[in-house]
Every structure is written in structure tokens, then in C-alpha cells.
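This report describes the fold, the helix packing and selected residues of one protein model. The sequence and structure are shown first.

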Amino acid sequence: MDKEFYIPSVQQIEEICGIGYAASSLAYKKLENFFLRKMDMTYEHAVTWCLQVWANSYEGESPAEVMNKMSEAGIAFECEKQMNEFAGLLMDAHNDTRMKENRGHTPNELTRKEKI
């Protein structure tokens, strides 16, 4: 598909291998904070769901799959506003995830390249 492979830095590789997802990314920091503060999850639970979002996106699955998995796990939103906030954060994280199908590039990076 005429995309060069993305070559990650040593720091990025260590982060993914150590934590399991791009925890230093602003999108994932916001998502983790949402889980902790708005969903009242423990740190371990929040990290587990961030990892789930990353794995889902990396494999090219839709963000809706994460919402389905959360529903299956019995995680419910208090109101529509909370669900909409989560959906926005989920999309931001999805678009900031290095994807296998994009040869390691994020959707955000590919969008910027197309505009140039």
C-alpha cells in the first residue's frame, strides 16, 4: 500500500514491551485519567482497559469492539454525557495508536501526510 514501515525509537519499544501500550501518549494519558476519575476504577483496572484499547486498535479492530467488551464485563456509564466523553477519548486513543495494518503508523500520522 505504498507505506514505508515506521521505525520506533528505543524508548517506544521499551514502553510497549514494559507497559503494553503507549502510556506516554497524551491520548492514552487522558483515557487512563478518565478511567481513574470518571469511572472510579483502580489504577490496575484502568491500565488493563488502556491496554485493551491499544491491543484492539493495533490489530485494526473498531473502537466499538472495546465498548462491547466493556459492556460484556459489566462496565456501565452513569449517563450519556459520560459515555460521549469516553467515546471521544476512545477515538483519540485509537487514532493515536500504531497499527499493524498501517505498517506501524498511526491514523493521525497518515491523515497529516495525505494533507501535505
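The model is predicted: local features need pLDDT of at least 70, side-chain atom pairs count only at pLDDT 80 or more, and totals for chains, interfaces and linings use all residues. Residues are numbered from 1 along each chain as its sequence is written, and side-chain values use heavy atoms, with hydrogens and water left out.

**Overall fold**

The protein has six helices and zero strands, where helices (H or I, at least four residues) and strands (E, at least two) are DSSP runs numbered from the N terminus. Along the sequence the pattern is α-α-α-α-α-α. The radius of gyration is 15 Å, close to the 13 Å that the globule rule gives for 116 residues, so the protein is as compact as a globular protein of that length. This radius is taken over C-alpha atoms, and the globule rule is 2.2 Å times the number of residues to the power 0.38. Along the principal axes, the C-alpha atoms fill a box of roughly 45 × 30 × 20 Å. Of the 116 residues, 36% count as buried; buried means under 20% relative accessible area, exposed over 50%, and partly exposed in between (1.4 Å probe, protein chains only). Among contacts (heavy atoms within 4.5 Å) between residues at least 6 apart in sequence, 53% join residues at least 24 apart.

**Helix packing**

Axes are lines fitted to C-alpha atoms, for helices over the stretch in contact, and angles run from 0 to 180 degrees between N-to-C directions. A crossing is left-handed if the near helix is turned anticlockwise from the far one by less than a right angle, and right-handed if clockwise.

| Helix pair | Axis separation | Angle | Crossing |
|---|---|---|---|
| α2 and α5 | 8 Å apart | about 150° | left-handed |
| α3 and α4 | within 9 Å | roughly 145° | right-handed |
| α4 and α5 | within 10 Å | roughly 130° | right-handed |

Helix α2 (residues 26-37) and helix α5 (residues 80-95) pack at an angle of about 150°, which makes α2 roughly antiparallel to α5; angles over 145 degrees count as roughly antiparallel, under 35 as roughly parallel, 65 to 115 as roughly perpendicular and the rest as oblique. A27, Y28, K30, L31, F34 and F35 of α2 make the contact with Q82, E85, F86, L89, L90, D92 and A93 of α5. By class, this contact has nine nonpolar, one polar and three charged residues. Here Ala, Val, Leu, Ile, Met, Phe, Trp, Tyr, Cys and Pro count as nonpolar, Asp, Glu, Lys and Arg as charged, and the others, Gly among them, as polar.

Between α4 and α5, the axes cross at roughly 130°, and α4 is therefore oblique to α5. P63, V66, M67 and M70 in α4 meet M83, F86, L90, M91 and H94 in α5, a contact with eight nonpolar, one polar and no charged residues.

In the pair formed by α3 (residues 43-58) and α4 (residues 63-72), W49, Q52, V53 and N56 meet E65, V66, K69 and M70. The residues of this contact divide into four nonpolar, two polar and two charged.

**Individual residues**

Q82 lies in helix α5 and is buried, with a relative accessible area of 7%. Leaving aside neighbours within four places in sequence, Q82 is in contact with F34, K38, M39 and F77.

D40, in the loop between α2 and α3, has a positive phi of about 55° although it is not a glycine. D40 is exposed, at 68% relative accessible area. R103 is placed in the loop between α5 and α6 (107-115), and its phi is near 55°, a positive value in a residue other than glycine. R103 is partly exposed, with a relative accessible area of 33%.
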